[in-house]
Amino acid sequence: MENEHTGSRRNHWTFLTNHARVLIAIARDPGVRLRDIAAGCDLTERTVQAIVTDLETDGYLTRTRDGRRNRYAIAPGARFRHPAEAGLEIAGLLAYLTGPHGTPPTPAPPATASATATADDAPHGDGALPLL
C-alpha cells in the first residue's frame, strides 16, 4: 500500500515553490512574457498569471505597461513570508539564483595560521553562503 512516504509523489518534490520559480524568472528578465515563464517553469499561463497576481498583491513586485507588454520590478526590501526566514530579504536568494548558470560560488580563501579569527569570521557550517 502506498502512503505519503513511499508513493510516486514522494519522488516528485522540489526545493523551490512555483511562486519562487516565477519570481526568479522575472528577476532574470523583467520584460519576460507570461507564456515564456510558463514554458520555463512547466506551468500553465493561467497558473503563472495567478502567481504574478499573488506576488503583486503581496508587494513582491510591481507591474507596469510598456507598450503592449508588461514590465516587472521586484520590490526592494521584500522579505520572506515564512516565520523560519522572517526578517530575511529575498534579494540575496534572487541574486544567488539569477547569477550566471554553471558558475559555482567563489569559496572563501583558507584561513592562515597567522590570521586572527573571531567568531564572526568563522565559516557558516558546511561552507554554505548566507542569503543576506
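Welcome to a protein with four helices and two strands, where helices (H or I, at least four residues) and strands (E, at least two) are DSSP runs numbered from the N terminus. This is a predicted model, in which local features need pLDDT of at least 70, side-chain atom pairs count only at pLDDT 80 or more, and totals for chains, interfaces and linings use all residues. Residues are numbered from 1 along each chain as its sequence is written, and side-chain values use heavy atoms, with hydrogens and water left out.

**Stop 1: the whole chain**

Colour by secondary structure and follow the chain: the pattern reads α-α-α-β-β-α. Now show the surface. The accessible area is about 10,100 Å², and carbon and sulfur atoms hold 54% of it; the areas come from the Shrake-Rupley method with a 1.4 Å probe, and for residues only the protein chains shown count as cover. Of the 132 residues, 19% are buried, where buried means under 20% relative accessible area, exposed over 50%, and partly exposed in between (1.4 Å probe, protein chains only).

**Stop 2: helix α2**

Next, select residues 34-41, which form α2. Show the side chains of L34, I37, A38 and C41, the buried residues here. They sit on the same side of α2 because they cover an arc of only 100° around the axis, taken from the directions from the helix axis to the C-beta atoms. What covers them? Then turn to the face away from the buried side, where you will find the exposed residues A39 and G40.

**Stop 3: D42**

Step on to D42, which follows α2 and lies in the loop between α2 and α3. D42 is not a glycine, yet its phi is positive, at about 60°. Is D42 buried or exposed? It is exposed, with a relative accessible area of 71%.

**Stop 4: the largest pocket**

Finally, select H19, A20, Y60, F80 and R81, which lie nearest the centre of the largest pocket among its 16 lining residues. On a 1 Å grid over the protein atoms alone, a pocket is an open set of points where a 1.4 Å probe fits, with protein on both sides within 12 Å along at least five of seven lines; lining residues have an atom within 4 Å of a point. Two or more lining residues come from each of α1, α3 and α4 (91-98), and α1 gives the most, with four.
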